[in-house]
Amino acid sequence: MDAVTGFTDSDRAVFGAETREQFAAAYPETPVKLRHNLEHHPLLTLEALAGLAGKLPNDQIEYNRGDLPIGLDGKPAPTGLSIEETILHVATSNSWAVLKNIQQVPEYEALLLSLLGELKPVIEEKTGAMLRPQGFIFISSPNAVTPYHFDPEHNILLQLTGSKTMVQFPAGDNRFAPDTTHETYHSGGPRELTWADELAAGAMEFPLAPGEAVMVPVMAPHYVKVGPDSSISLSITWRSDWSFAEADARCWNGVLRKAGLNPRAPGRWPHSNKAKATAFRIWRRLGLGS
């Protein structure tokens, strides 16, 4: 067994051939359930994760109450527990926790890069160089909720322990995340979105058990509900030139909107959004927004 990754020579592929084919057919825009065999990795036990939390900077750890609404206004309340207590007693602590950028710790960086390495040929064939690989680990008490939000990365969420349901909504659809909200987020605003019950009609539900995963397109709105047992999930993410261009085009639209215009939303992949992204990068380089 490899002391860093936890894999033996016979089981190095976490994503099997069929899963890689499914991923290739769906990436980057179509949500899809996938299979993996990472459930029993030694770096992903509660004890190991409590140790990991002690190695990460404080600003890379977030934890709070788990009994949250789907739509959240402001930051949730803390529980009063330490992060180590939260993780080790997650079954009873009514908590939700995330360990961010786990690649800052060498053995977790090796794990992340080995996982993404299995998918890298498909990723780079479609969206170019795989940029800024990052890993996030979510530890949640039974029935915890991650409120409605979106994220700027290409993302695969792997369920390791317990169950959860990810509820996704179409990326780039103004009904689920208004263009102005995208612009505010990419200009430094929050990732939380405003929930309304009528949005539920557009939901796509992905129930996840250990050994299952789901791909989340860039900026696809979603929320997560944990099942009746405590849960551990690993999110492996990366950026692409396309995702950065989409973000910069959103920022440029924000500039145009402040000037009184009503700009068209950036195109989803495979549209490049190059013109708007370039305009914003020049505007920023010239310091015109300061």
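Which residues does the UniProt annotation "domain: JmjC" cover? The notes below start there.

1. **The annotated stretch.** The "domain: JmjC" annotation comes from an unreviewed UniProt entry and covers residues 94–255. UniProt positions follow the numbering used here, feature names are shortened, and annotations may be inferred rather than shown by experiment. Over residues 94–255 the chain is 28% helix and 35% strand. The end C-alpha atoms of this stretch are 42 Å apart. Helices (H or I, at least four residues) and strands (E, at least two) are DSSP runs, numbered from the N terminus.

2. **What kind of model this is.** This is a predicted model, in which local features need pLDDT of at least 70, side-chain atom pairs count only at pLDDT 80 or more, and totals for chains, interfaces and linings use all residues. Residues are numbered from 1 along each chain as its sequence is written, and side-chain values use heavy atoms, with hydrogens and water left out.

3. Two strands pair if DSSP finds at least two bridges between them.

4. Strand 6 (residues 154–161) and strand 9 (residues 212–216) run antiparallel and are joined by four bridges. Ile 156 stands opposite Met 215 of strand 9. Axes are lines fitted to C-alpha atoms, for helices over the stretch in contact, and angles run from 0 to 180 degrees between N-to-C directions.

5. **Strand 10.** Is strand 10 largely enclosed or open? Four of the five residues of strand 10 (residues 222–226) are buried, so the rest of the structure largely encloses it. Buried means under 20% relative accessible area, exposed over 50%, partly exposed in between (1.4 Å probe, protein chains only). Three bridges join strand 10 to strand 5 (residues 145–149). Five bridges join strand 10 to strand 7 (residues 164–168). Thr 146 stands opposite Val 224. Lys 225 is the bridge partner of Val 145, and Thr 165 also stands opposite Lys 225.

6. **Two packed helices.** Helix 5 (residues 179–186) and helix 6 (residues 241–258) pack at an angle of about 110°, with axes 8 Å apart. They are therefore roughly perpendicular to each other (under 35 degrees counts as roughly parallel, over 145 as roughly antiparallel, 65 to 115 as roughly perpendicular, the rest as oblique). Contact means heavy atoms within 4.5 Å. Residues in this contact include His 182 and His 186 of helix 5, and Arg 250 and Arg 257 of helix 6.

7. **Ala 17.** Ala 17 is found in helix 1 (residues 17–26). Ala 17 is partly exposed, because its relative accessible area is 47%. Ala 17 and Gly 66 are 49 residues apart along the chain, and their C-alpha atoms are separated by 36 Å.
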